[in-house]
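Hello,

Here is the structure for you to look at. My notes on its aromatic rings follow below.

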Amino acid sequence: MSTRGYAADYLNKDESFTVLQQNTVRGNVKDGQGVSMPGVNVVVSGTQRGVVTDFDGNFSIEAQPGDVLVLSYVGYVTQNIEVASAQSDLEIVMKEDMDLLDEVVVVGYGTQVRKEITGSVSSLNEESFSTNTNSNVDDMILGKASGVQIVKNSGEPGGGMSVNIRGVGSINAGSSPLYVIDGVPIDNSPAITSAGSQISVSRTPRNPISFLNPSDIESIDILKDASATAIYGARGANGVVMITTKKGKSGQLAVDYSTQVGFNRVHQRLDLLNAEQYRTGINALIDAGNGTDVQRVAEFEGNGTDWQDVVFNDAALFVNHNFNFSWGNETTTYMASINNTREEGLVKNSKFNRYSARFNLNHRTDKVHFGISSTTSYIKDNFIPNGITVNSAGGAINAAKLWDPTLPVRDEEGNFTTSNFYEIDNPRAIISGNHITGNRYRSLVSVFLEYFFLPNLSAKVNVGTDINNEDKSVYKDRTTIIGKSLGGVATAFSATQSNYLVEGTINYNQEIKDHSFNLLAGITTQKYLTRYNEQQANNFPTDATGADNFGLADRSTLVNSSSKYNYQLLSYLGRLNYKFKDKYLLTATYRIDGSSRFGEGKRFGFFPSVSAGWLIDQESFLDDSVFNTLKLRASWGQTGNQEIGNYQALSTYNVGDSYVIDNQFVTVLNPERIANPDLKWETTEQIDIGVDFGLFRNRISGSLAWYKKKTKDMLLDLPIPSSTGFNSQYVNIGSMENHGVEFMVNSYNIDSDNFKWSSNFNFSTIRNKVLDLGGIEEIYTGGLPPSPSPAGIIVPGKPLMSFYGYEVLGIWQEGDDFSSVSNNVQPGDFKFRDINNDGIINTDDRVILGNSFPKFQWGFTNDITYKNFNLNFMFTGVEGVKMVNGNLIEQYFPISGLRSNRFRKPFLNRWTPENPTNDQPSYLNNDRSQAVNSRTVVDGAYIKLQSVRLSYNFSDKILKDKLRSLQVYVSGLNLFTLSDYEGFDPALNPYGVSNFNVDWNGYPSATTFLMGLKVGF
């Protein structure tokens, strides 16, 4: 704990600073208000000798002249008192640690002291980051902030994530939070989402924010309620993530180096049939009437092929290097850093390699505050096909799951083995025959200048730019099925995203007796511009040039396309913070946002909020021996959502067919979208009531909050009659509600000189309900490749995108009454519930099977220090959540054919006349019309040991002024999962929509083992 700012403050009875020599030293400890402090640790420095003050603050300890007594207590400055040769009883006054009491939290367009915040804000600082190994920004939040749901979409290096704050408030508009980095709101959408010609599009592109080095981040503040987010108006409905990067510190040049080296392996493989089980099992299905003799599996030599071994890399290297330089004086500080992160993927030939550099400068005088924050990064990506579709476009992981394990990787001539029973490439051919690389160049710069006309009146100008250039090269060579048939297939992409920000604000502070004011007013404008180019062609004379020479392609196959689109925001904002007698707090915010995305006359939205707080701990009636912090807060406000893409309010056109008219070659334009000039903002109204507390001098602290969000005028892509010539139109219609409870508690369980133990627990609930669809009874949604019908439904009164399918009662047995339904069912088929009792199982018998909104989620972190050792570990959990297991759909109703491989345990326990189980079907009925059912919609709950880290800090005695600090550590991530789920990981959602969990063709998650070193020079 820091001792900066206060010296030990103690007096003896005769007002002398001398302590008489004796073996026993006695004393009494009080706080600044003269209240006795029980539980204060008193330790003789350098020894194991220590005591704890009693209820009256008294202590007695054996000590000799020259010994140093170290007194420590959570929330107070550590005191060091040297024992002298005079005898006396000590009276010691502990000073509160103002660094803790005045913790500064970054909010929109400024900062606030934590205890004066009236909104709901979760804060994570460098201390919480340093105890975990984080490869991207979203990992730094995972499991540490209540009310924030983070779902990994992919386990690939730099893989995408879905982040939701307090649920989902929209059907078609975006649900991700706004990210603000050093004052610049960024566009966190990928520039290139296409996969390439003849390659399935992935729903989970790599994470755009992976350009940012986690080691450069100083703090993350998550704004959750309307009071905190309304200052960002049109973009605040889904919450705001404020990221602040590290700044330089005054003093001589300080150099820090850190490195991590380790490996990743697949967290949990699929438990599939081995070669012999596959041969006997498939042949048994053929013997039972499912298939023909042509499909029979032949005898094979050896042990067959484990295709997961072929595609997976179980020692995928991870290497990370960071250099940080900090220096400065009283007025100017500098910080510079460089980073390289190299990560091999769990699937061979997939990689992520990032180089980044950062420079921050801050200059402050009485009149001027000036700062520059800049980061530049280059990322080299290597991809493997891993789309959401089936068959030849499904990708390497899908192929490894389904391919015949009796076949070798290569045939006798050295070519990749092929099979007439699949429209799927040999898994190894997919990896080596698809050459997909990408380059990402991103530069984010912000510059601000603040001038103080008076000590309490300043004007600030902030200018920012975020430029993202990406390119992607894709080539499918002749070792693949499609590449061979088309003579090689090439695609090249390039895209540029530009983001420009200019804003000006005025800030005024005033204190008049018991009244304190802070006023903020400003105007801001931001412009986003995207350019996109794509080129594709087939039939190359050679594979040697890949996608680097389109001039060699068959010109008749050459296709070029390009696009450009932009939008702009113009905003006016104001905020008042008011405090009365240091007890009563009020915050009012108002923002006017104009967006070019909406209809003319509807472009401006108005977003107010108000919040209030009561610092009850400042009242005389409160017993401060128990509550040293107690704040009641409440807020109300409105925020907006504009994330529907560009030009949705306008009529747009695309290229149609070409004709020859009067000997002239003419290309026509076709209407693409019907205009809606009345399209306007989606508005979310939220109320929040919470209490922040600190008990026993902040030994236990935390918060409890209840919230309710209602979204109205939802932006919905509404189906319209085909007679209009269009399929759908964006309109404002319907409403939705989210409500829940959030709880967080920190505790210092033990705080002695040699042993410390602290814990953090956060818990949150979420309940979602669609209230109205503007008269529409229901909307079917969530199409899945292995299912002929949508897996989800949107209906008023139920959670958004609930899973919709058939309820399985069991398995038809030989003695059952088959006349009860008219469907052609046989013993061993799934038995479905006839909901309407009409004697036929059809779409009218579908029911809601659950949803992907967890009933609750939690995170539990412990930090234990013994002398120079530190152990940190974190558990996370999700309960009451459902997901579609697409692997089980393929298991029971194989779209890729009879010869698809299967999960071992359920298949070996399948129904047969000799094994009349009521659990597993016979695998003889391939009718996929009931593929979405209560056996394929499964429980997605889990408990994870998310991280463990053991470190050792070398003492100053060992370093002997040669180094400022030295730490070594070992750590592990995603070490253990407790779940009933059959698949890679229930925490993965390859579908890419956080409130609609579907596991299909997912890239597996990694278990990571690392060794690390941190050195301070």
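A charge sits over a ring if NZ of Lys or CZ of Arg is within 6 Å of the ring centre and within 35 degrees of the ring normal. Arg442 is such a case: its charged end sits over the ring of Phe211, 4.3 Å from the centre. Arg410 lies over the face of Phe416, with 4.1 Å to the ring centre. Please note that this is a predicted model.

Now the ring pairs. The count comes to 34 aromatic pairs. One of them joins Tyr780 and Tyr804. Their ring centres are 6.0 Å apart and their planes stand at 40°, so this pair is tilted. Tyr780 is in strand S40 (residues 779–781), and Tyr804 is in strand S42 (residues 802–805). Tyr780 is partly exposed at 36% relative accessibility. Tyr804 is buried at 13%.

Next, Phe830 and Tyr892. This aromatic pair is edge-to-face, with 5.1 Å centre to centre and 90° between the planes. Phe830 lies in strand S44 (residues 830–832), and Tyr892 lies in helix H10 (residues 886–892). The pair therefore ties together parts that are 62 residues apart in sequence. Both residues are buried: Phe830 has a relative accessible area of 6%, and Tyr892 has 5%.

Best regards

Notes
Residues are numbered from 1 along each chain as its sequence is written. This is a predicted model: local features need pLDDT of at least 70, side-chain atom pairs count only at pLDDT 80 or more; totals for chains, interfaces and linings use all residues. Side-chain values use heavy atoms; hydrogens and water are left out. Rings of Phe, Tyr and Trp (its six-membered ring) pair if their centres lie within 6.5 Å; planes under 30 degrees apart count as stacked, over 60 as edge-to-face and the rest as tilted. Helices (H or I, at least four residues) and strands (E, at least two) are DSSP runs, numbered from the N terminus. Buried means under 20% relative accessible area, exposed over 50%, partly exposed in between (1.4 Å probe, protein chains only).
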